[in-house]
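The following account is intended for a reader who meets this structure for the first time. Please keep the sequence and the model in view while reading.

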Amino acid sequence: MKMYSLCEEIKELWKEQQLLAEFGKGFRFIHVPQQDTIPFMLLTADHLTPFTAIIEGDSTPYFRVEHVYEGSYFVQLSLLKPIDLKGQHAHSERDLFSLKKTTQNIVINISKFSTINPLSHDLVGRPLPIIESKT
Amino acid sequence: MRAIVFIGSATTGSSREAMDAAARLGYTVILLTNRKAFLQRIPQDALIKYMEYMDEVSVRKKIIQLLQIDYDIRAVISFIDPYVSMAARLSNEFCSTTISYEALKLMENKIKTRMALRHNEATCEFEIITSDKPQSSTINYPFILKNPNSNGSKDVYFIEDETEFEIAKKKITKQNSGKQILIEEFIDGPQYVIEVIVNESIPIIVAIIQQEITQDYTFIVTAYDAVLKMDESVYLSLWHAVTSIIQKIGLHHGSCHFEMRHTSNGWKLIELNPRISGGTMNRMIEEAFGINLVQETIKLYVGEEPDLIRKKHLAVHTSYITVNSTGYLLAIDGLDQAAACTGVVDVKVKPSIGRTMMPPLSMGHRYGYVMAVGESSDEARERAEDAIKLIKFYLEPL
């Protein structure tokens, strides 16, 4: 029952992500910034350890759904690179400032996980802050 | 219980340091303030009396209440505009002090100050206009347009043509419809703060601090440099300018600071204020000359002899930081590194995380500073400027 539920949740997230990508297209009177990603983390059964994947020598617990394989528990995810406000790899959730999309994909069996933790879509592609100092 | 009542204070800087100095001198410190910030950050050993209204009637009532509960109030003092002369008047009335409150009152109004000094050699060409009447100036461009009651460079504009004149007039008129506006000739040349104490009619120049000014549409002081040595003839002409102004203003007992520019035509008065300059001024003078000016001013006001003898001569430079962009402050970096630099004696940043920051329109938009000492002015400057470059503000654009 639990596996079934998580699979449905992933499908729902993917659907909403597709709607998000279409939202605002063709609007004439307002500008809606184009966003096409609902980032999320996957937690294992103990609810403590987020699933991570290796990217450019560092790890990331942030993903984007690329494809859900119908009739199975397999899901294709792309890796999102966590960035801190200095533009470096963010090593903890506390340091996370922005998420950068990558072309690195993995396929996972969703039945191995218990929870999806979605994050704000504003994090994806968030521009780095302006750095001000006396020159 | 010997006490000193302070009317208003900033949360940091000269006026805040005055409360510490009064406590060191053995007085109970009573602060009357309308700033709720003090309720969260109560200064050590100070009794805070929050007042919604700080008009003279309310303050007088509060002082009477304090006297009735047996506080032996020795002086009422303010280092904050616009309470300086009011505090002096109440001090003379309730504490039998002899502060020249009329002179302080005069200095609180820029138009009255200019009028009183109109025949003085240090005065510049000036003109008074009424904000809601169409009126052009007879003073040639560029000139300075001022709200006569402004401080901290708020509502002080550098005007280069008619368009700027009209825009600046409208800005000042917003808050002061029908009121007078001051136009002053633009004086070029290096600008100095001159801190002065007048003790029983004897003026003493306590310190001279050179200012570095960023001049755009407004004027922002971005650095201060303690002057250790000045050409004798230049100093003598400054002394004459300062004493002649003090005499004309009628300051016999009190403190004030001048802002003056040194030009080929001698010293010219830019501003005259009835108190020590705010911000880092007291700390700079203490680092440079070993004189805690606010402490000595308190002693002057309570009738003790101020100790204005220089105990040291150390170069001190304070560099301020402003920003070029507008945004929310996300993080600050480099404070510890700046504080650890050789010669750095003080580092402060003002904004808290989440606060909106913007390019400077007044001195209130300076967001931090580094103060450094050195064997020479050049060394102190280099140390402060190198250290302040380590401080970084991370801003999320609005």
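The model is a predicted one.

Eight strands of chain B make up an open sheet, and their order is S13-S12-S9-S10-S11-S14-S18-S16, with antiparallel pairing. The edges are formed by strand S13 (266-273) and strand S16 (344-349) of chain B, each of which pairs on one side only. On average, neighbouring strands of this sheet are turned by 25° against each other, direction being ignored. Helix H10 (residues 293-301) of chain B packs on the sheet, where it touches strand S9 (191-199), strand S10 (202-215) and strand S12 (254-263) of chain B. The direction of H10(B) makes about 30° with that of S9(B). As for helix H12 (residues 377-388) of chain B, it lies across S10, strand S11 (219-226), strand S14 (315-321), S16 and S18 of chain B. Relative to S18(B), helix H12(B) runs at about 145°.

Chain B also contains a sheet of four strands, which is open and has the order S3-S2-S1-S4, with parallel pairing. Strand S3 (46-50) and strand S4 (72-77) of chain B stand at its edges with a single partner strand each, so one side of each is left without a neighbour in the sheet. From one strand to the next, the twist averages 25°. Strand S1 (residues 2-7) of chain B pairs with S4(B) in the parallel sense over five bridges, and in this pairing Ala3(B) stands opposite Ile73(B) of S4(B). Helix H3 (residues 56-68) of chain B lies across S1, strand S2 (28-33), S3 and S4 of chain B, and its course is at about 160° to S4(B). In general terms, the strands of a sheet pair through backbone hydrogen bonds, in either the parallel or the antiparallel sense.

Attention may now turn to the meeting of the two chains. Here 11 residues of chain A are in contact with 20 residues of chain B. About 1,300 Å² is buried between chain A and chain B, and carbon and sulfur atoms give 58% of that area. Which residues of chain A lose the most area to chain B? They are Ile130(A), Glu132(A) and Lys134(A), which together account for 54% of what that side buries.

Strand pairing also links the chains: strand S8 (residues 130-132) of chain A and strand S19 (residues 392-397) of chain B pair in the antiparallel sense over three bridges. Glu132(A) has Phe393(B) as its bridge partner in S19(B). There are three salt bridges between chain A and chain B. The side chains of Lys134(A) and Glu385(B) meet in a salt bridge, with 3.9 Å from N to O. Nine residue pairs are in polar contact across the interface of chain A and chain B. By class, the side of chain A that touches chain B has five nonpolar, two polar and four charged residues.

Thr102(A) is placed in strand S6 (residues 98-109) of chain A. A polar atom of its side chain lies 2.5 Å from the backbone oxygen of Leu79(A), and a polar atom of the side chain of Thr102(A) lies 3.3 Å from the backbone nitrogen of Gln104(A). Leaving aside residues up to four places away in sequence, Thr102(A) touches Ile55(A), Ser78(A), Leu79(A) and Lys81(A).

Most residues other than glycine have a negative phi, and most peptide bonds are trans. The peptide bond from Asp81(B) to Pro82(B), however, is cis, with omega near 5°. Pro82(B) lies in the loop between S4 and helix H4 (84-95) of chain B. Tyr141(B) and Pro142(B) are also joined by a cis peptide bond, with omega about -5°, and Pro142(B) lies in the loop between strand S5 (126-130) and strand S6 (143-146) of chain B. Ser96(B), although not a glycine, has a positive phi of about 55°. Its place is in the loop between H4 and helix H5 (101-107) of chain B.

Definitions and conventions. Residues are numbered from 1 along each chain as its sequence is written. Chains are lettered from A and ligands numbered from 1 in the order in which they are written. This is a predicted model: local features need pLDDT of at least 70, side-chain atom pairs count only at pLDDT 80 or more; totals for chains, interfaces and linings use all residues. Side-chain values use heavy atoms; hydrogens and water are left out. Two strands pair if DSSP finds at least two bridges between them. Helices (H or I, at least four residues) and strands (E, at least two) are DSSP runs, numbered from the N terminus. Axes are lines fitted to C-alpha atoms, for helices over the stretch in contact, and angles run from 0 to 180 degrees between N-to-C directions. Contact means heavy atoms within 4.5 Å. Buried area is the accessible area (1.4 Å probe) that two parts lose on being put together, summed over both. A salt bridge is a side-chain nitrogen of Lys or Arg within 4 Å of a carboxyl oxygen of Asp or Glu. A polar contact is a pair of N or O atoms within 3.5 Å; within protein, one must be able to donate a hydrogen and the other to accept it, and residues adjacent in sequence count only if both atoms are side-chain atoms. Ala, Val, Leu, Ile, Met, Phe, Trp, Tyr, Cys and Pro count as nonpolar, Asp, Glu, Lys and Arg as charged, and the others, Gly among them, as polar.
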